[in-house]
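Subject: Handover of a structure and notes on it

Dear colleague,

Please find the structure below, which I am passing on to you for your records. My notes come after it, and I would be grateful if you read them with the model open.

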Amino acid sequence: MRHVLSVLVENEPGVLSRVAGLFSGRGFNIESLNVGPTLEPDISLMTITTRGDEQIVEQIVKQLRKLITVIKVVDLTYEQAVEREMVLIKVNAEDEKRAEVLRIADIFRCKVVDVSPSDLTLEITGDQNKIKAIINLLQRFGIKEFARSGTVALRRSMQID
Amino acid sequence: MELTGAQILLECLKKEGVSHIFGFPGGAVIDIYHHLPNYPFRHILVRHEQGAVHAADGYARSTGKVGVCLVTSGPGATNTVTGIATAYMDSVPLVVFTGQVPTALIGNDAFQEVDIVGITRPCTKHNFLVKDVKDLAFIVKKAFYIASTGRPGPVVVDLPKDVMQAKTAFSYPEKISLRSYNPHYEPNKKQIKKAARLIAKGSRPLIYGGGGIISSGAHDILTLLARKFKIPVTTTLMGLGAFPAPDELWLGMLGMHGTYAANMAVNNSDVLISVGARFDDRVTGKVSTFAPRAKIIHIDIDPTSIRKNVQVDIPIVADCKLALEALLQELEEMDINWEQEHRDWLDKITEWKESHPLRYEQSETKVKPQFVVETLYELTQGEAIITTEVGQNQMWAAQFYHYKYPRSFISSGGLGTMGYGFPAAIGAQLAHPERLVVDIAGDGSIQMNIQELATAVSYDLPVKILILNNGYLGMVRQWQELFYDKNYCATCLHKNPDFVALAKAYGAEGFRIIKPQEVRPVLEEALKIKKPTVIDVWVEPEENVYPMVPAGASLTEMLLV
């Protein structure tokens, strides 16, 4: 099962390698990992998506908590959370294809961020399913380049059953 | 007044109450060594940095204090890695200071540069690179705090040369708190109550103890609890000494080379109380058939130990001592005749003990290694500190010497580091000058750190090295015999040095035992000598360690003698 972990860490050199090393050393897998600063300059937030059965994910969470530089770990899988990923896609869009690519972009509320005679670069934000859907739709035009941010997530303030 | 980084480091060590530093100098740490004579530490110059870490480890395990090492950059630092990993696996508190090239050169592939913080990241509890002399005192404080609290472990502090030379004002933080590190000591009361009820309900309880009992100082309370409520006790290799072996509730070690009684008790128990142990594969055998009839209570200070290998019924994250105290109190309030409740179970255990004790075939002509260890026990009455190397020697030391006190059996359990025992014995001897310290070794293992004979001789340490010399890497040979068609590939050490002559060359004493009749008189004489002493015992070459549970088999599938 896929889990999204929100991990607050000390913002200091080597902290990323401690976390990454923990996953590789213990044979856990990382599907995506996103790190960025928080409003407090000495704390960073990592969002890690991983897969594993309950026992493995329990170990991952405990092992992360055991790292001295990790301040807090929350498994957002058990909470209601907003999850987003951003993707930049450079897709073929010559002549007669162009209109259709733009239509799909419109339906998915993508932004066109770069244009050339032969291709368009789209910016898409959404959860995993939305990203998967648009990639599926655009593939037949030919995707030239592709950059993906990895998931970021926040717990929803109102947890409704 | 401003002090240099080197002076600040040494001032910090003084504040931490350090008595011994195990080390080896080099270019990157000369500044520290330059000031060392002005401080009250006893510096022990080893002959290889691995020896320094194992010696500090032996010091730490035999005292409970933090062991301290000081080595140079590059190869000095990499040579400590095996020692650090050994301490990490067995939760031993160490602080290892490594020299580093000047900060301006870091990353330039400078002479004797290595990224030791990167290298040791997965085998330390934590590690630090000190980039500014202003941070030094605080980092040293953190290093000792982290190493010695919670589940103890080794911490590396990397010290660039220019940081050691830079100056700043010195002040040492008295107290420390870290927002990201708060070990949990107090047991949850509800869980303790549940555990007590489970024990009361059961009729075949068993305590399965580990090294955590020793590191938390819970041996007395464990002994009290076991005796009061008539609960038999087995421990892991790391737990030997946590419960007095002469006691009738003692079953011996469990696991791969555990006793028949201990493994049968695990298999038949209905309440397994695991205290400070981590269900290692050498203990459980096949996990799915481990303690199949038991509800499991698991007390451990490290949450990751719980449910890592085995599903448990009542997890208790706490310091073992505090948890056992709470459990004792809870059980005392119950109106139960424990003696009567557990009588049948204890009788059954006695039956197992009597039907299959640890045994070996005695010989008139060949020295049996078990006999040597047994004789050592008789001569010392269990009062010695025993360290071991790894392999058959280690298992015989665990089976045939009987440990009455915690911190008297010192062995590399988790990592299984050959070459550990002798330097560890040096560390233990320095911490306990008045006690007899014996390294039970094999002819293979001892050669992995034999250079430390020079250290033992230099400091006039009366350490005894008892080599059970079978001319083989015995445990591997045993596996080859039993599971690999007797293909003794690369396990025969047919041109061993003359260990007696070697001992003498180093300035130590040397004895040789070839016949069974010599074992007692020669050992008796050798143990009296107040110098480093090697006793080279030529034992039966193809003797095996039994019982043995083949790797991956269930605990009840024991090969017996």
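The notes below begin with conventions, then take up each chain and some individual residues.

This is a predicted model, in which local features need pLDDT of at least 70 and side-chain atom pairs count only at pLDDT 80 or more, while totals for chains, interfaces and linings use all residues. Residues are numbered from 1 along each chain as its sequence is written, chains are lettered from A and ligands numbered from 1 in the order in which they are written, and side-chain values use heavy atoms, with hydrogens and water left out.

Chain A

Chain A contains 4 helices and 9 strands; helices (H or I, at least four residues) and strands (E, at least two) are DSSP runs, numbered from the N terminus. Their order along the sequence is β-α-β-β-α-β-β-α-β-β-α-β-β. The C-alpha trace of chain A spans about 55 × 40 × 30 Å along its principal axes.

Of the 161 residues in chain A, 40% are buried, where buried means under 20% relative accessible area, exposed over 50%, and partly exposed in between (1.4 Å probe, protein chains only). Among contacts (heavy atoms within 4.5 Å) in chain A between residues at least 6 apart in sequence, 73% join residues at least 24 apart.

Chain A carries 22 positive and 23 negative side chains, and the centres of the two sets lie 2 Å apart. In this count Lys and Arg are positive and Asp and Glu negative, with His and the chain ends not counted; each charge is placed at NZ of Lys, CZ of Arg, CG of Asp or CD of Glu.

One residue of chain A deserves mention. A:Asp95 has a positive phi, near 40 degrees, in a residue other than glycine. A:Asp95 is found in helix 3 of chain A (residues 95–107) and counts as exposed because its relative accessibility is 66%.

Chain B

The secondary structure of chain B comes to 22 helices and 20 strands. The C-alpha atoms of chain B fill a box of roughly 70 × 60 × 40 Å along the principal axes. For 561 residues, a compact globule would have a radius of gyration near 24 Å, and the 24 Å of chain B agrees with this; the radius is taken over C-alpha atoms, and the globule rule is 2.2 Å times the number of residues to the power 0.38.

In chain B, 61% of the 561 residues are buried. Chain B exposes about 21200 Å², of which carbon and sulfur atoms supply 52%. Of the contacts in chain B with a separation of 6 or more, 75% are between residues 24 or more positions apart. The mean positions of its 55 positive and 60 negative charges are 3 Å apart.

The domain assignment of chain B gives domain 1 (2–169), domain 2 (189–355) and domain 3 (369–538); such bounds come from an automatic or database domain assignment. The centres of domain 1 and domain 2 of chain B, taken over C-alpha atoms, are separated by 37 Å. Between these two domains, 6 residues of domain 1 are in contact with 6 residues of domain 2.

Individual sites in chain B

Helix 17 of chain B (residues 392–400) is mostly covered, with 9 of its 9 residues buried. Among them are B:Trp396, B:Met395 and B:Phe400.

B:Val519 lies in helix 22 of chain B (residues 519–528) and is buried, because its relative accessible area is 0%. Leaving aside neighbours within four places in sequence, B:Val519 is in contact with B:Val367, B:Phe371, B:Val372, B:Thr375 and B:Ile513. B:Val519 and B:Val373 are 146 residues apart in sequence and 9.8 Å apart in space, C-alpha to C-alpha.

B:Gln329 belongs to helix 14 of chain B (residues 320–332) and counts as exposed at 52% relative accessibility.

B:Ala291 is not a glycine, yet has a positive phi of about 45 degrees. B:Ala291 lies in the loop between helix 13 (281–284) and strand 13 (295–300) of chain B, and counts as buried at 6% relative accessibility.

Finally, a cis peptide bond joins B:Tyr546 and B:Pro547, with omega about 0 degrees. B:Pro547 is found in the segment after strand 20 (533–538) of chain B.

With kind regards

Methods:
Areas by Shrake-Rupley, 256 points an atom, 1.4 Å probe, with all protein chains shown as cover.
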